[in-house]
Structures are given as structure tokens and as C-alpha cells.
Amino acid sequence: MKIIQLSDLHLTTLGRVLHGRDPLQHFQAAIADINTHQRDAALVVISGDLSDDGSAESCTTLADTLAELQVPWRVTLGNHDD
């Protein structure tokens, strides 16, 4: 059984860079790679911190981006998540 884990997304509000990187861009790239090359995975586990700032916008961005994932997924909360 193949399980993929993504950890500590630290999503921010759209367009905000965190430590010189765009967390959303990296998350979208990971999902695109999973959808293209890892469709045989049984599950994707995304462990917290899902949001960096805990904003409603970052949570909406998370939900919208996860809707693109073509493999079953589950999330666990981190200390930045409500």
C-alpha cells in the first residue's frame, strides 16, 4: 500500500511569500505531481501546519487546492491550525 505524506504546508494568504518561497505554489506543484505520477497511492496524508497564519483565506485556499487532488486524502492539524 502506497501512502504519501505532505507536511507543514504553512499556506498563507494568496501571493504572500514565506521565507522567500510561495507555499501555495509548492503545494500546487506537489498535487500536480501526485495526480500525474502517483495516482496509484491509497492515501495522501497532509500533516499540519496547514496554515501559517490561521486566516480564513488560507483555509479556503487549502480546501480549493485539495479539491484538485485525485487521490483520497486526510489532513491532521498542526499548532498553527484552528
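The following legends describe close-up views of a predicted model.

**View 1. The three-stranded sheet of the predicted model.** The sheet is open, and its strands follow the order β1-β2-β3 with parallel pairing. Strands β1 and β3 lie at the edges with a single partner strand each, so one side of each has no neighbour in the sheet. On average, neighbouring strands of this sheet are turned by 20° against each other, direction ignored.

**View 2. The pairing of β2 with β3.** Strand β3 comprises residues 73–76, and its parallel pairing with β2 extends over four bridges. Within this pairing, V45 stands opposite R74 in β3, and I46 stands opposite V75 in β3.

**View 3. The β-α-β unit formed by β2, α2 and β3.** Together, these three elements make a unit that is right-handed.

**View 4. The largest nonpolar core.** This core has 16 residues, and those with the most contacts inside it are L6, L9, F27, I34, V44, I46 and L62. Two or more residues are contributed by each of the elements β1 (3–7), α1 (23–37), β2 (43–47) and α2 (56–66). The greatest contribution comes from α1, which gives four residues.

**View 5. The surroundings of V44.** Which residues does V44 touch, not counting residues up to four places away in sequence? With that exclusion, V44 touches I4, L6, I34, L69, V71, P72, W73 and R74. Among these, L6 and I34 are also listed with V44 as residues with the most contacts inside the largest nonpolar core.

Definitions and conventions
Residues are numbered from 1 along each chain as its sequence is written. This is a predicted model: local features need pLDDT of at least 70, side-chain atom pairs count only at pLDDT 80 or more; totals for chains, interfaces and linings use all residues. Side-chain values use heavy atoms; hydrogens and water are left out. A nonpolar core is a set of buried Ala, Val, Leu, Ile, Met, Phe, Trp, Tyr and Cys residues joined through side-chain atoms within 4.5 Å. Buried means under 20% relative accessible area, exposed over 50%, partly exposed in between (1.4 Å probe, protein chains only). Contact means heavy atoms within 4.5 Å. Two strands pair if DSSP finds at least two bridges between them. A crossover is right-handed if, with the strands pointing away from the viewer, the path from the first strand over the helix to the second runs clockwise. Axes are lines fitted to C-alpha atoms, for helices over the stretch in contact, and angles run from 0 to 180 degrees between N-to-C directions.
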